[in-house]
Amino acid sequence: MKVYRLIFSFIAIVTCSVNLSAIMWSLEKMKCLVCKQENHFNVISSYGSYIYHRPSKFQYVFWPLTDPRVLYSCKKCNLTCYMGDFQRIPSNKIDALKNILSNVEIPRENTQRYHQISMVTRLNVAKKVYEQLNKDDFFWCKFYRGLAYHLDEEEKYEQAKKARIKALQLAKKIMAANDSPGIQKKMLVISGAMRYFLDDEKNAKRDFSKALQLTFQDSKENEENNKSIDRYLTNLLNEYLANDESSNPLKKQGVILVEKQLKKSYRKTTPELIDDLQKDTTFLPVKIHIIRCLISEENVDVIPALQYAIHHHNQKIRTVTIRYLAGLGTKAALLIPDLIHVLNKPKLDQKTKYFILKTLGRIGTKAEPAIDYIVTIIRNENNPETKSEALRALGRIGKKPKTVVPLLLEILDYSTDHEVRLFAIEALGSVGKDTQAAIPYLIKSLAEVNGYPRISDCAAEGLKNIGEQSIPLLRQALNSHDRNIREQVAEIIRKIENE
Ligand SMILES: [Zn+2]
């Protein structure tokens, strides 16, 4: 078959009987019809039909339009057009083309070959060339779909959106002018595809459902070709309409685009990542990856970016930032006012609360300004996991004994939850240094040996931490009727005195 037909005829593609295993390109010398310059361009020597199942089919863009080698560009006069057109420029258009090309510039400094020049750059020149060649709406609709595909590839998502809006308008125009149900089916697939990629899933599905009622028919094709195109379109429509998440074409395409952005982000510097974090065009999973990278840097330079993320309008970004913030350790101290602000929000979810408390605990003594807020949480919280984490944070901060110790004793009086008791004892041991009130309770807790980690071990640690101040009461406890307590107390006294 004539290879140039590939570019312009979808029919030639789908019904093609050639099914070779690999795409093969070869190099050919071609003379530019505008300036007579000789160029070397790639031509297709073979391909297989599997190319019609690549993900770009969901944008109704097919190989080879997705391949940078398909768009030729003369190295002298910049004549740029698809491979099949390069040597078919009508002679009566040459003067007009010379004229428009005289104002065109293509940067070629860092490119050895024509296909290394950005596709978007070349397509913008090709657009000017085709405007001289009286192309119909079918051509332009396809042109803008291809342009949108390559704009995505070059991460120009806003421009890609504009190109898809153009393709959609053209599809609607074609449908309005053509009432043949055969053509309508294909154009509805295209308009639905564009809407899908413009995030208008509802109307996309409406177009697809309408298309499914129709049968493809083009009077220029034989019956067999018409049948195989119709089958292809129906399969594509069913794939679009499938409710199964994994076969959602937008999701599949999204995954590919996200992977590309992610790959690029691996090579970026911290300021570049911070910049990407604030761009609308960065995909959410990429932003999340960036946040994790920034936190793992453990560098104060990233604090303003994290501050931005903590207050982001997207809940997922906020949650992820708070979730990983504990990894920043004491450096997160600069974010305490932000964390308190979030803690004060009404209807704060358990997970966010939990991770803020974890971070405050990791910050340690510097998180003292947050103590009153943590105390309020402990008083009002019913979830044992959150309550435990709040107690743990109090222990790690280890300040304000006059506020904290009475609260801890109160909790130990009523709570039966092992974790809650454990972290309350731990906190008592660390805050209790400046208050005598903690010591009797810690000694009493030496009897609590069930559960793991053992509360008695935690109490012993606390008493050792308090040190000499606890010795008078510990000596009294040497008379306890509980042998286990007597033994533990003797050991603690020995350790304190040896320090
Ligand atoms: Zn030329």
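The axes of helix H13 (residues 303-310) and helix H14 (residues 315-324) come within 8 Å and cross at roughly 130 degrees. Here axes are lines fitted to C-alpha atoms, for helices over the stretch in contact, and angles run from 0 to 180 degrees between N-to-C directions. H13 and H14 are therefore oblique to each other; angles under 35 degrees count as roughly parallel, over 145 as roughly antiparallel, 65 to 115 as roughly perpendicular and the rest as oblique. The model is predicted: local features need pLDDT of at least 70, side-chain atom pairs count only at pLDDT 80 or more, and totals for chains, interfaces and linings use all residues. Residues are numbered from 1 along each chain as its sequence is written. Helices (H or I, at least four residues) and strands (E, at least two) are DSSP runs, numbered from the N terminus.

On the H13 side, Leu306, Ala309 and Ile310 meet Ile317, Arg318, Thr321 and Ile322 of H14, contact being defined by C-beta atoms, placed from the backbone, within 7 Å. The residues of this contact divide into five nonpolar, one polar and one charged (nonpolar: Ala, Val, Leu, Ile, Met, Phe, Trp, Tyr, Cys and Pro; charged: Asp, Glu, Lys and Arg; polar: the others, Gly among them).

Within H14, the buried residues are Ile317, Val320, Thr321, Ile322 and Arg323. A residue is buried if 20 or more other C-beta atoms lie within 10 Å of its own, exposed if 12 or fewer, and partly exposed in between, with C-beta atoms placed from the backbone. The buried residues of H14 pack against helix H12 (284-296), H13, helix H15 (336-343) and H16.

Pro369 lies in the loop between helix H16 (350-363) and helix H17 (371-380). With 14 other C-beta atoms within 10 Å, Pro369 is partly exposed. From C-alpha to C-alpha, Pro369 and Ile336 are 8.0 Å apart in space and 33 residues apart in sequence.

Strand E1 (residues 24-31) is hardly covered, the count of buried residues among its eight residues being zero. E1 pairs with strand E2 (residues 38-46) in the antiparallel sense over eight bridges, where pairing requires that DSSP find at least two bridges between two strands. Lys29 stands opposite His40 in E2, and the bridge partner of Leu27 in E2 is Asn42. The hairpin of E1 and E2 has six residues between the strands, and Lys36 takes a positive phi near 70 degrees in this hairpin.

Methods:
Two residues are in contact if their C-beta atoms, placed from the backbone, lie within 7 Å.
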